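Here is a short tour of a two-chain model with its ligand.

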Amino acid sequence: MAETPPIEAGRSQKASRSLTGDTSGVRVVASSVTLRQRFQDLMRYRELLGALVRSEIKVKYKNSALGIAWTMVAPAVQLAIFGVVFGIFLSNGIPDYLIYIASGLLVWTFFSTSLIGGTGVIVGRAGIVKKVSFPREILSIATVGSQAFYLMLQWSVLALFMLLMRHAPDWSALPLVLVGFATTLLYAVALAVLLSAVNVYFRDTQHLIEIFVQIWFWMTPIVYTYQHNIHDRAVGKWFDFVNWLYLCNPMTPVILAFERAIYGRVTVTNTLTHQPFDVLPRWPLLTFYELLLGTFLVGLLLLAFAVRVFSRLEGNFAEEL
Amino acid sequence: MENAVVVDNVAKRFRLYKDKHRSVKERVLHPGKVDYHELWALNGVDFDVPKGTTVGILGHNGSGKSTLLKTICGVLQPTSGEVRVRGKLAGLLELGAGFEPELSGRDNVYLNGTMLGLRRNEIDAVFDEIVAFSELEQFIDTQVKFYSSGMYIRLGFAVAVNVDPEILVIDEVLAVGDERFQRKCLDRIKQFQADGRTIIFVSQSPEQVRSICDQVVVLHHGEMVFHGEPSEGIRIFRERLNESDDGPVGASVVDGDVVQGTDVVVAPPMKFVRVTAGAPGTGGPVATHGAAEFSLEIQSEIDVPEVLVTLELISPLGIELSKVRSDELGLAFSLHEGVNSFIFSIDSLPFLDGRHQVNVGLSTPGEGGLFVWFEQAAILEVTYAGKSEGLVDLEIEGRSA
Ligand SMILES: Nc1ncnc2c1ncn2[C@@H]1O[C@H](COP(=O)(O)OP(=O)(O)O)[C@@H](O)[C@H]1O
């Protein structure tokens, strides 16, 4: 096929043609639109988000006998394994260890499955992306949305379990759960949006993220405690730096906040040595809020960046898929 | 007049990669090697669609019609230029594109409806109408994966027309489905027009375009070669369709017209000067089952050893009634320099009354041949005194046996 140069002089004589005087309700399709326009489009399609989340949940359990109960099985098994390994064989002496680990692990699973699922979603739903027009970020966000729904179910089971174990959360710290969840949601959405777009052009992203999430998991104080492993080992003038670096992981403040609120104990009695020791830093609650707030603000920047990148890359989705 | 859609100097470039380097390994191994060539699927396309009009987009395969529609719908972003759309737009690029096979028809109506920009309660309001239009009452709670392709299409169309769009964009979807449903869709489209909504419509079928559209855009290799009256657009489309790809562009210009666009305009070597249709001798109206004659006068600047002459008859409603070419009739025509006359005749014309449109074409055989098309060359007026309805009088007889 011949390579035809674009008609440069074609800037139309009707260049100022407008649809009507005011521009509200006018949709512009161009190679770049403003971030504001982007968010407006997203807002217009919020009902689609709900519809996609509902359909995703329905599809997942349509043909399975246990249905929605499956969402409980995987995290339950994972919890049981960690409970047996670190609660019994390699006991770390944390009382009610299952609850300690559940308070971080459930929200982590939400985060990691959102990332992995979100990364593949644009490629996975190529049929829709190529034929129907709507802000495509909604597909990525919907993956996070359905995971959030499963998290709510898992949390309800955890609440029941805690009731049975007579392990109360720290009621005064409970608002941390809300702020922490908002922060996790923000990061999950931002990263899912960013990675789903990158994955269209660079399909290895899918595999890389699965490995990266594994590493990330162990860089976050979920299985072990922040107090034991970071606080105690970072000594001298390196302390501040290592500590600071560790807290740069946005999931660290989030997980610490969940543990602080749900597990709810800072100083406990070691089940092996019967000595008191700290499982969580003795910060005042305000410090947790401050850390979360900082993390949240950085997350907002990340989201703006992600949407920006997405809208840049989106233009060629239909042809790359 | 207020515009519903403005396509402002839109260009779209595709990069065709020799092989797509997607994995890290290949990117690392061949860092600099990006082997592609560029294709301008759209180039300087620029037109307005006033509110309430129906615009047909004609063009041969690969001329960029789908690319243009996808750009208008926002599925593709233009490389340069922009499209501005006022009002809710529903795109039917592929019927049922957003369907989730695992879900029931009911769930899919909601999913697809929100995808086209409706709110849940708005879908509630039109749900029954959607089901009725699709005629899938019994199957609405069945998973869509068990639907036949016809059912799929019916549901897709039913959702799209019921989302109450101000602008409807349709890509050749009317070519699928059974004939009865096609007619139902066409009726619905006509109703849309009557409601004063805007329609952008892609078709390969000039007949459909003729019967529906107010305006036509003709694309040729990604460029807009025409925008205006349907009959003129169809003429240009027909010529471009018959034009060989490697022949000189613009070599087949007809009756002295300057073709809009960027092509070189070559003076026509031959053209129709006079075309008449009617009763033999008088040229007046023909009665059904009477004789009719079509006379074509063609002026040529050169001698042509063999030409093919095409005669096409269109009913008042835009239906193609007959199309014949001289070689199919076993006729061999040639042109000499100067004015040539050809006559086609019919002994007993079966058509019922009405003003039938006569289109004529002239071509030379073989690759790269010339092609001249004269849309609406003449009107054949037919009168009918009988009682039959329809398009033709078959002189049906009956007896009891
Ligand atoms: N995703 C794509 N990647 C590369 N080339 C494409 C793509 N889509 C369409 N094209 C090319 O753009 C041109 C116009 O295609 P299209 O708009 O589908 O034409 P039409 O609908 O008129 O048949 C064709 O040459 C086609 O090969």
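## Chain A

In chain A, 50% of the 321 residues are buried. Please keep in mind that this is a predicted model. The secondary structure of this chain consists of 13 helices and three strands.

What share of the contacts in chain A with a separation of 6 or more comes from residues 24 or more positions apart? For chain A that share is 80%.

## Chain B

Chain B has 401 residues, and 53% of them are buried. Its secondary structure contains eight helices and 18 strands.

Among contacts in chain B with a separation of 6 or more, 69% join residues 24 or more positions apart. The accessible surface of chain B is about 17,500 Å², with 49% belonging to carbon and sulfur atoms.

## Where the ligand sits

Between which chains does the ligand lie? You will find the ligand between chains A and B. There are 13 residues around it, and those that come nearest are G62(B), G64(B), K65(B), S66(B) and T67(B). Sorted by class, this shell holds four nonpolar, seven polar and two charged residues.

For G64(B), a polar backbone atom is 3.1 Å from an oxygen atom of the ligand. For K65(B), a backbone N or O atom lies 2.9 Å from a ligand oxygen. With T67(B) the side chain takes part: one of its N or O atoms is 2.5 Å from an oxygen atom of the ligand. Taken alone, the ligand exposes 560 Å², and the protein buries 70% of that area.

Which elements give two or more residues to the shell around the ligand? They are β1 (3-17), β2 (36-50) and α2 (65-73), and they belong to chain B. The largest share, three residues, comes from α2(B).

Is H60(B) buried or exposed? H60(B) counts as buried because its relative accessibility is 13%, and the cut-off for buried is under 20%.

The side chain of H60(B) also has a polar partner. It makes a polar contact with the side chain of H220(B), at 3.4 Å.

## Cysteines without partners

How many disulfides does a search of the whole structure find? Over all chains, the search finds zero. C73(B) is in no disulfide, and its nearest cysteine sulfur, that of C213(B), is 16 Å away. With 4% relative accessibility, C73(B) counts as buried.

C185(B) is likewise in no disulfide. The nearest cysteine sulfur to C185(B) is that of C213(B), 15 Å away.

Methods
Residues numbered from 1 in each chain as written. Chains lettered and ligands numbered in written order. Heavy atoms only, no water. Near = heavy atom within 4 Å. Polar contact = N/O pair within 3.5 Å; in protein donor to acceptor, adjacent residues only side chain to side chain. Areas by Shrake-Rupley, 256 points an atom, 1.4 Å probe, with all protein chains shown as cover. Helix = DSSP H or I, 4+ residues; strand = E, 2+ residues; numbered from the N terminus. Nonpolar A, V, L, I, M, F, W, Y, C, P; charged D, E, K, R; others polar. Disulfide = S-S within 2.5 Å. Buried < 20%, exposed > 50% of the residue type's maximum accessible area, 1.4 Å probe, protein only. Contact = heavy atoms within 4.5 Å.
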